[in-house]
Amino acid sequence: MTATNNDEANETPIEEPLKDLEENEKAALEEYTANLEARLKQKYEIRNQNLNCSRPPENYFSKLDSGLKKNTTFVKKLKSFSASQLDVLLKDFATLNLTKYISEVAAAIAEAKLKMSDIPAAITLCSVLHRTYADFSSNFFENWQKILTFKATDKITNSSKLRVDIRFYAELVAVGIFMNKTGLPLLGNVLTVLINMDKEEHNNIPILLSFCKHCGDDYAGLMPRKIREASEKHNIPVPRNTFLPAEKQTAVRTLLKDYFLSLTKHLLAERAQLQALHAANQRTLHTRGELSQERKEQLEQHQTTYDKLLVNAQNFAEVLGEDLGEAGEPPTLSLTVIETQGSVTIGGNEDITMQAGTDPWQDEDSRTFYTCLPDLKVFMPNYQMKEQTVKSKTETVTEEMLDEDLKEDELSDNEDPSVVQEVETEEIQPPNVSNKHGLDTFLNELPNCINRELIDNAAVDFILNLNTKNNRKKLSRVLFSVARTRLDLLPFYSRFAAILYPVLPEVCVDLCQMLKQDFKYHVRKKDQINIESKIKVVRFIGELVKFNLYSKMEALYCLKVLLHDFKHHHIEMACNLLETCGRYLYCNPDTHQRTMIYLQQMMRKKTVSALDSRYVTQIENAFYYVCPPETPVQPKEEEPPLHQFIRKILHEDLQKSNEEKILRLMRKLNWDDPEVSAIAIQHLAGGWRVRASARRALARLTAELAIWQEVVAPAVVDTILEEIRVTMEDPHPRYNQRRIATVRYLGELYNYKLLDSRDVFTVLYSFITFGVTNDHSSVSVLDPSDNVFRIRLVCALLETCGAYFNSGSSKKRLDYFLTFFQNYYWFKFSDPIWTKDYQFPIYVKYIYQECLTTLRPKLTLFTSWQQCKDAIDELRQTLYPELGEEEYDNEDQGDDSVNDGLDTIMETDDETDNPQLPDESSDEEPITENNVNDENEMQDEMAIEPRRPATKHVEDVEFESAFEKMVTENIAERQRENRPQQRDIAVPMTCRQTTKKTYEQLLQGKEGVEFVLMVRKGTKPQYKSFSAPPELASNLQQQALADKQEMERVKRLTLNISERQEEEEYSAESGGGSGGIGNPNRGQHVRQKYQHPKGAPDADLIFGPKKFK
């Protein structure tokens, strides 16, 4: 029982739509039947009234108005009858006596130009006339005989009026105004003639279709197919009109079906003809690559005729209730060419499959360059483009027109079309002096516009300041006369013309016309000179094609002309044209097929011709550029979501406002996972990947993250140093921007105490020594003579962190480095490669001077390389004795290794616990990747394994114990020594006035020195002054001077010890010491709480030390 219920529930949703459909169909049938019954009933009543009418007596007409004026006016109204005039006409008819004018009334109604909507009102009016006047029907029928009587050979002049007249006449017969005996033969004759005269062309379909729609149920028993099928399905009879016998309805229906059969045959024949024409056009298109305009118009005309015939046939079949069958199926044709793959043999057995490309642009920059143009109409809001130019732009160009143009425009061999045009355009009224000067300046600067921004600004400048007729003509000639060696300007000049085209189209039109004439001249000349000019012309045409300024059809015609005589210079011209716009034409749907045909033709000519290898290479390069061989698509490795998240928050989202949030997110990462840790460190070290404004925030984030993860700081610094070294080994300009960003990021990391100053100076010295020969005769591969980018790197690093090298040993190091840096700068500046034509970059000079004057404003810069050499020699003589023999040897070795171009200068360091770095390379052991990996592995092992104390010899132990004992005894003995008594006592304030001499005493000039003797008497001290001999005073002064010198020596020693301790503590904290693992920066990040100094402020620090005179 349950299964049965489930089946019924499943069937119910399917049956309900069917029931609804049947109910709608039944309702439509009932509505149609009701309307048809009402219409038949109305017709039946009118027919009975017309057949059994009782006309008024003759005395009735005597009471009515029979005046000429009113009756004539009534007849005129009938000639322009419409349904809206029915009430007015009936009102006028009731007051007029039309007995004498009934023939004129009948003629006026028959000749009136009625609409389909006016026929019911006209039937009503005719019925009233028929019931009133007995002569109306006979006169009316005579007029219809004149209208509807014609032969099969006669041509129908007004088919629209005939369509309305046939329906009007059929309705008059149906309502009984004309008797069947007299009215039906005329109607049958009209239908027979219309059908028999049109069994081939079928131009009378609209007339017969209108008759079938409005009168088919009365005269042929026609019924729509849907109504007939619904009536048979639901057993609901449809009422029929019985005024015409069934056998006569069958005869009319047979006549219409014969016409329908001839229509289907005509439709099939028209379809076959259309398919044949389309197939012929396809063959022509595949063989020639294009269609003539005549064949295109012929195809469009046949397509239009077939579509119109098909629609009429479908409507006629619907009215007759017939089926078109095969003739009703539309042909599977399209006006676009079906793309087929072609193959071309390049060499040997290699086949290249030619397929239509999807994107003609190589990259997004190229697409932007050729498609995104500034709108100059913004600067000219009231400007309206000329209609003539717009029309000329939309004109279609065919190959026949180009052939005729080539034949008509024959020039002599010695005639240059460009010169002719220049002579013609020179006859222009001269402009004013200021405008001419501005135009000359503009045209002189135009070849310097070698980027998109400059050429766009030049277009705006011309349209705002130099837009005159003279200037436009001259500009067209200047654009055309670009130097044949400046092929790099052609894309920018084409963009310039494309920007001006919406507001100044004549510039582009003149330019294209001159290029076209020049191309024709070179083709007809057939000489083997001026190849650069020929290449310039075709490449210029190609650039204009990509901006849609030069017709694609004309460009392909140029290629066709070159392929026709494919040899010598024509080969180079065709290859250059293809390299410029071939890819664009190949990927464009309008020109793809024709371009493919020309490519195949070019490759066939290359195969069958014995061409020079240079030409063969050019042809193959052009072909591969237009139709590159298919390469297997390599699957793109998708980055894990966690890696994408790290890259997004560090390189896209990071900024000063959300730094704390991103720090919390980075701390939540699983740093124990080696893969996650490596990716995070890689992105933290990618300072060149972030925006310049976010570089400092990334460095600050790294410093704060280093507090929580000890591995971050050394790993990031090592990665950056390795990055700098790798980019120095490959001095390609593509790394320049990356180098600048990396060096600045390294400086930011130093500012946040993630690395020591020694690392910074190591990088600085590597910039001026790595690969540097210091000899102009021998050029280094790592540091070419014209490469001055390392100067920018040094200045960038010093600008970022050089301000912190202003005290202590770092200040001395920077002073020493600046001497060597100036030597490197003048070594580059004095290179013989720089000449008057090829000068040293001025911006590098400005960067260098600004950097040094900012760091050391009082520094006197050297003015020659010799001064730098003398300063370095003096510096070495000053420093080498203090450094000792070992450092001297190392420095000499470093100088010798400069010639090798691989070692760096060992910087002077007064920290004895810093181990010396090993030499980076030597002549016997060049640096390789394996050696670098081995060194890295060795350093990793040294960093992981803890340092074990080495065993000492017995002599060393005894020496250390004796040394410690001696130091202890010296310290104890020093403490037991009595301190020297204080020799000088400050003079009390009370007796200072007495010790001062007056002016008279000074004039007396007594010998001796005034002393004050202090004696104690009781509890109060007493002071007595006396004059001591000069010998006593000089001894005391010498002793005081010796004591002061001793104090200065002790003070200097103490300060040196304090400074050394500070350096050692800073080195130990920042990771500079040896043997330490762990975080070197713990507790030294930038966010330290400010501690106010206690006690009174130091006046010397505020106002400076006191100066006594």
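Analyst: Let's settle the term before anything else: a salt bridge here is a side-chain nitrogen of Lys or Arg within 4 Å of a carboxyl oxygen of Asp or Glu. By that rule, Lys43, Glu171 and Asp218 are linked in a network of salt bridges.

Some ground rules. This is a predicted model, where local features need pLDDT of at least 70 and side-chain atom pairs count only at pLDDT 80 or more, while totals for chains, interfaces and linings use all residues. Numbering runs from 1 along each chain as its sequence is written, and side-chain values use heavy atoms, with hydrogens and water left out.

Within it, the side chains of Lys43 and Asp218 come together at 2.5 Å, N to O. Lys43 belongs to helix α1 (residues 2–51) and Asp218 to helix α10 (residues 205–219), so this pair ties together parts that are 175 residues apart in sequence. The cut-offs are under 20% for buried and over 50% for exposed, with partly exposed in between, using a 1.4 Å probe and protein chains only.

The structure holds 33 salt bridges, so let me pick out two others for you. One joins Lys534 to Asp527, whose closest N and O atoms are 3.1 Å apart. Lys534 is buried at 1% relative accessibility, and Asp527 is buried as well, at 17%. The other pairs Glu543 with Lys546 at 3.9 Å, N to O. Those two both sit in helix α23 (residues 531–546), 3 residues apart, which is about one turn of the helix. Glu543 comes out buried at 8% relative accessible area, and Lys546 is buried at 11%.

A nonpolar core is a set of buried Ala, Val, Leu, Ile, Met, Phe, Trp, Tyr and Cys residues joined through side-chain atoms within 4.5 Å. The largest one has 84 residues, and the members touching the most others are Ile109, Phe136, Phe140, Phe168 and Tyr219. Take Phe136: leaving aside residues up to four places away in sequence, Phe136 touches Ile102, Val105, Ala106, Ile109, Cys126, Leu129 and His130, where contact means heavy atoms within 4.5 Å. There's a second, separate core of 82 residues, with Met666, Val690, Tyr750 and Phe805 among its members.

What about disulfides, meaning pairs of cysteine sulfur atoms within 2.5 Å? The structure holds 0 of them. Cys508 has its nearest cysteine sulfur, that of Cys512, 3.9 Å away, and is in no disulfide. Cys581 is in none either, as the nearest cysteine sulfur, from Cys558, is 9.0 Å off. Both cysteines are covered up: Cys508 is buried at 3% relative accessible area and Cys581 at 1%.

Phe1011 is partly exposed, with 23% relative accessibility. Phe1011 and Ala1028 are 17 residues apart in sequence, with a C-alpha to C-alpha gap of 6.5 Å. Not counting residues up to four places away in sequence, Phe1011 touches Lys1024, Ser1025, Phe1026, Ala1028 and Leu1036.

Areas come from Shrake-Rupley with a 1.4 Å probe, and for residues only the protein chains shown count as cover. Ile971 lies in helix α40 (residues 954–976) and is partly exposed at 47% relative accessibility.

Finally, the whole-chain view: there are 44 helices and 4 strands, and 39% of the 1109 residues count as buried. Of the contacts between residues at least 6 apart in sequence, 77% join residues at least 24 apart. The chain exposes about 67100 Å², with carbon and sulfur atoms supplying 52% of that.

Conventions. Disulfide = S-S within 2.5 Å.
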